[in-house]
Amino acid sequence: ITRSPHRAGAANMAPGRAATRTPLVALLTACWVCIRLRARAVGSDGHVFATAAAPARSAVASTRSLLRSGPVLGASAVAPPPRAFAASRTRRAAGNEGLYPEVFPVVIAAPSGLEMLGEGLAGLAALYVIMSLNEYIYHRYFQHLGINKLDIARVLRKSSNLDTYKGDGHVEHHRETLDDMTLDFRRQPDLDADPWRGTAFPWWAYGAMTVSVMGPSIPVLLALGWSAAAIAVGVPSAVLVHTLAWNALHPNMHGLPDVPLTHGPPSGPMACLRGSWYFEWLRKNHEGHHRTEGAHGNYNVCLPLMDQLAGTYVGEVPAAPLEVQEVVRSGARA
């Protein structure tokens, strides 16, 4: 079908106040959680032990044990200096000084609130990039079976006598999607068992995505100053926000019912964003994915970035003229 160069005028829908405030509130809330988790490590003396410095924490515990077991040479000997990476020594009294090893607790100065806010924002930005890449790879190479075309996959299949990857029903979803994004259920009866016909994120997929995002996130976020507790809370929460947005957007734009809590992250919490400028842009972006030749483009659904970097962004693609759509529908009904 030859696409008309005319692009239908999109309705300019002004977002409501709740829709425009929600992303900002979510971002600030995530930053506040990260700051509070970092603040837990700060001691009453204004110092915080390095996140990865397990030997330093062990040394401090040894020092406290020595203090409880007998007199030491001055309390000031174990007080950490006010700035970073200063060493302190503690020994037993002269008669027993050969019985106990020296300990060197390493401390760093507590970061300011502004520094922790910067670490939180930098971590969230890095997490967004990782999740956008994850969404892109999964959609292009697994859902659209692009992995079967990679040379390394062909070598592995040949050497191990493996069959080609069959996918998860996403290719069938494309076959039954018409140009106006409605679905012709008769084209793919294999999807009848799923009320959302492969368009929704179930809980098992949320868990799998959390694991796939957690792997590359741990070293990056640790390098940016996040604690293990902040990572353990932040990564699953970020993936949950992503899947909540997906389930509020994707099934709805294909005329399918909302996703309940029993099946996956529910559609309800982000349903208020439907009609906002952000969801309207995501919807048009995904329509372009369905309408472009071979569905090769606009692989990011809720986290745009990687398409622009990889050169697969095709922008908005207009729908075929109504008379052409009617011919296609008639052929589907025949």
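Contacts between residues 24 or more positions apart make up 65% of the contacts in the protein with a separation of 6 or more. The model is a predicted one. The protein has 334 residues, of which 39% count as buried. Its secondary structure consists of 10 helices and two strands, and from the N terminus the elements follow the order α-β-α-β-α-α-α-α-α-α-α-α.

**Helix H6**

- Helix H6 covers residues 203-223, a run of 21 residues. The distance from its first C-alpha to its last is 30 Å, close to the 30 Å expected at 1.5 Å a residue.
- A bend of about 40° occurs in H6 at Ser 217. A proline, Pro 219, follows within four residues of that position.
- Ser 217 is also one of the buried residues of H6.
- Just after H6, Gly 225 adopts a positive phi of about 100°.

**The largest nonpolar core**

- The largest nonpolar core contains 29 residues. Within this core, Met 131, Val 213, Val 235 and Phe 279 touch the most other members.
- H3, H6, H7 and H8 are the elements that give two or more residues to this core.
- The most is given by H7, with 10 residues.
- Met 131 is in contact with Val 213, Ala 238, Val 239, His 242 and Leu 303, leaving aside its neighbours within four places in sequence.

- Asn 247 is placed in helix H7. Asn 247 counts as buried because its relative accessibility is 0%, and the cut-off is under 20%.
- A polar atom of the Asn 247 side chain lies 2.7 Å from the backbone nitrogen of Phe 201.
- Not counting residues up to four places away in sequence, Asn 247 touches Ala 200, Phe 201, Val 259, Gly 264, Pro 265, Ser 267 and Arg 274.
- His 139 belongs to helix H3. With a relative accessibility of 1%, His 139 likewise counts as buried.
- The side chains of His 139 and His 170 are joined by a polar contact of 3.1 Å.
- His 170 is one of the residues that His 139 touches, not counting residues up to four places away in sequence.

**Salt bridges**

- Side chains of opposite charge can pair when their charged atoms come close. A search of the whole structure finds eight salt bridges.
- Glu 176 forms a salt bridge with Arg 197, and the closest N and O atoms of the pair are 2.8 Å apart. The pair links distant parts of the chain: Glu 176 and Arg 197 lie 21 residues apart, each in the loop between helix H5 (170-175) and H6.
- Glu 176 counts as buried at 0% relative accessibility, and Arg 197 is buried with a relative accessible area of 4%.
- Asp 151 and Arg 154 meet through their side chains in a salt bridge of 3.7 Å, N to O. Both residues lie in helix H4 (residues 151-160), three residues apart, about one turn of the helix.
- Asp 151 is exposed, with a relative accessible area of 57%, whereas Arg 154 is partly exposed at 43%.
- A salt bridge of 2.7 Å, N to O, brings together the side chains of Glu 280 and Arg 283. These two residues are three residues apart in helix H8 (residues 277-291), so about one helical turn separates Glu 280 from Arg 283.
- Glu 280 counts as buried at 14% relative accessibility, while Arg 283 is partly exposed, with a relative accessible area of 24%.
- Glu 280 and Arg 283 are linked with Glu 287 and Arg 291 in a network of salt bridges.

Technical notes
Residues numbered from 1 in each chain as written. Predicted model: local features only at pLDDT ≥ 70, side-chain atom pairs only at ≥ 80, totals over all residues. Heavy atoms only, no water. Expected span 1.5 Å × (residues − 1). Bend = angle between axes of the 7 residues up to and from the residue. Buried < 20%, exposed > 50% of the residue type's maximum accessible area, 1.4 Å probe, protein only. Polar contact = N/O pair within 3.5 Å; in protein donor to acceptor, adjacent residues only side chain to side chain. Contact = heavy atoms within 4.5 Å. Salt bridge = Lys/Arg side-chain N within 4 Å of Asp/Glu carboxyl O. Core = buried A, V, L, I, M, F, W, Y, C linked by side-chain atoms within 4.5 Å.
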